[in-house]
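Here is a short briefing on one protein model. It covers overall build, a pocket and aromatic contacts.

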Amino acid sequence: MTDEGVILVTGGAGYVGSHCCIDLLNSGFKVVAIDNFFNAYKDPTGATNYPESLIRVQKLTGKSLEFHEVDLMNMDELRSVFKKYPKITCVIHFAALKAVGESFQKVLAYYSNNIHGACNLLSVMEEFKVFKLVFSSSATVYGVPEYLPLDEKHKTGNCTNPYGTTKDTVERMMIDLANSNSNWSITLLRYFNPAGAHPSGDIGEDPLGIPNNLMPYIAQVAIGRREKISVYGDDYKTPDGTGYRDYIHVMDLAAGHVKALQHILAPNREGVHIFNLGSGKGATVLEVIAAFSKASGKEIPYEIAGRRKGDVDSLYASCDKAEKELDWKCGLTLEDMCRDMWNWQTKNPRGFNPNA
Ligand code: UFG
């Protein structure tokens, strides 16, 4: 790797992280990725210590990136990366636990990984005088919406699940930090519901165990790994009574990160910048099932089950701010997400690990 500025990507092996690495490499950035393999599959040949997702990212782009196995809970491991790459100019911070349901069972694991992990990262960044950060946050910080579409001025907090509280807490920590030291430039990206996969079908979402999220669960029903999908509630205040969410193609989301990075790398960006990344429109659970069934040509059996704890009726974004300030908006549709997810699922029926 040359001595030019590099971008450090935490959680680079994961779903959004790996797709973002593709766009970063294609946009000419030098990338160093770190991950603790908590939710990623290692190179099955054993030839490298790289995650399989990032091996494929390099094949797809024809460009190389550097990878190190690092757990954010270990400050010394983290310091060793900043020592090795003194030209890190910005960090994109994805690494976190992210399953809403699981966060009710593993409260301390969520608080310690997500909050303590971010705190360690910021401390080491300060130590090495790296003051630019893009943070992977979530629309879940808005809690129960007081109005729709959700814009960035909507109040945050009062989250409906521990995972959301950890994201909100980390946001607040970052805002306090930037207020206390004017060297910091921090961008908070609040994602809505990422779905889809790279159009090659070579990388995609590979949840360990039973998927928590709607789209990967539906994909596994379509491929025959699971019998049917439970629809969590049909008595919400939505067009057909099922939950209404703003789905965003992961390639649009990746492009949003590159735009946010270019924005924060420009001069005079000190302070905190907050952007929603969503499509601005949504779909109900039954609409998503129908779209996936059409894209895959498969029937998707489902049953109506009770409401899931912590769910809200509707969530969708206003993305005007990102469009105006980052010159970014979604170009891909729910149909594109279903097609690309199905392509990934059929090419990799068991995800990255053929023996899973
Ligand atoms: N759903 C089902 N059955 C399932 C899974 C989900 O009916 O098996 C429904 C949910 O009730 C909800 C919709 O599908 O109405 C979407 O649920 P997801 O679990 O896919 O996504 P969430 O909206 O709950 O949460 C997601 C991410 C969070 C993020 C949030 C932001 O998982 O990390 O979007 O909007 F914070």
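Which residues lie nearest the centre of the second largest pocket? They are Tyr 247, Ser 279, Lys 281, Leu 332 and Thr 333. The model is predicted, so local features need pLDDT of at least 70, side-chain atom pairs count only at pLDDT 80 or more, and totals for chains, interfaces and linings use all residues. Residues are numbered from 1 along each chain as its sequence is written, and side-chain values use heavy atoms, with hydrogens and water left out.

**Overall build**
- The protein has 11 helices and 13 strands (DSSP runs numbered from the N terminus: H or I of at least four residues, E of at least two).
- Its C-alpha atoms fill a box of roughly 55 × 50 × 40 Å along the principal axes.
- Of the 356 residues, 53% are buried (under 20% relative accessible area; exposed is over 50%, partly exposed in between; 1.4 Å probe, protein chains only).

**Second largest pocket**
- This pocket holds about 330 Å³ of space; the volume is the space filled by probe spheres set on grid points, joined across faces, edges and corners.
- A pocket is an open set of points on a 1 Å grid over the protein atoms alone, where a 1.4 Å probe fits, with protein on both sides within 12 Å along at least five of seven lines.
- The lining counts 20 residues, each with an atom within 4 Å of a point.
- α10 and α11 (334–347) are the elements that give two or more residues to this lining; α11 gives the most, with 3.
- The lining divides into 8 nonpolar, 6 polar and 6 charged residues (nonpolar: Ala, Val, Leu, Ile, Met, Phe, Trp, Tyr, Cys and Pro; charged: Asp, Glu, Lys and Arg; polar: the others, Gly among them).

**Aromatic pairs**
- There are 7 aromatic pairs (ring centres of Phe, Tyr and the six-membered ring of Trp within 6.5 Å; planes under 30 degrees apart are stacked, over 60 edge-to-face, the rest tilted).
- Tyr 244 and Tyr 316 are edge-to-face, because their planes stand at 75°, with centres 5.7 Å apart.
- Tyr 244 is in strand β9 (residues 244–245), and Tyr 316 is in the loop between β13 (302–305) and α10 (320–326), 72 residues apart.
- Tyr 244 is buried at 16% relative accessibility, whereas Tyr 316 is partly exposed at 22%.
- Trp 344 and Phe 352 make a tilted pair, 4.9 Å centre to centre and 55° between the planes; both residues are buried.
- Phe 37, Tyr 50 and Phe 67 form one aromatic cluster.

**Charges over rings**
- Arg 307 lies over the face of Tyr 236, 4.0 Å from the ring centre (the rule: NZ of Lys or CZ of Arg within 6 Å of the centre and within 35 degrees of the ring normal).
- Lys 321 lies over the face of Phe 275, at 4.6 Å from the ring centre.
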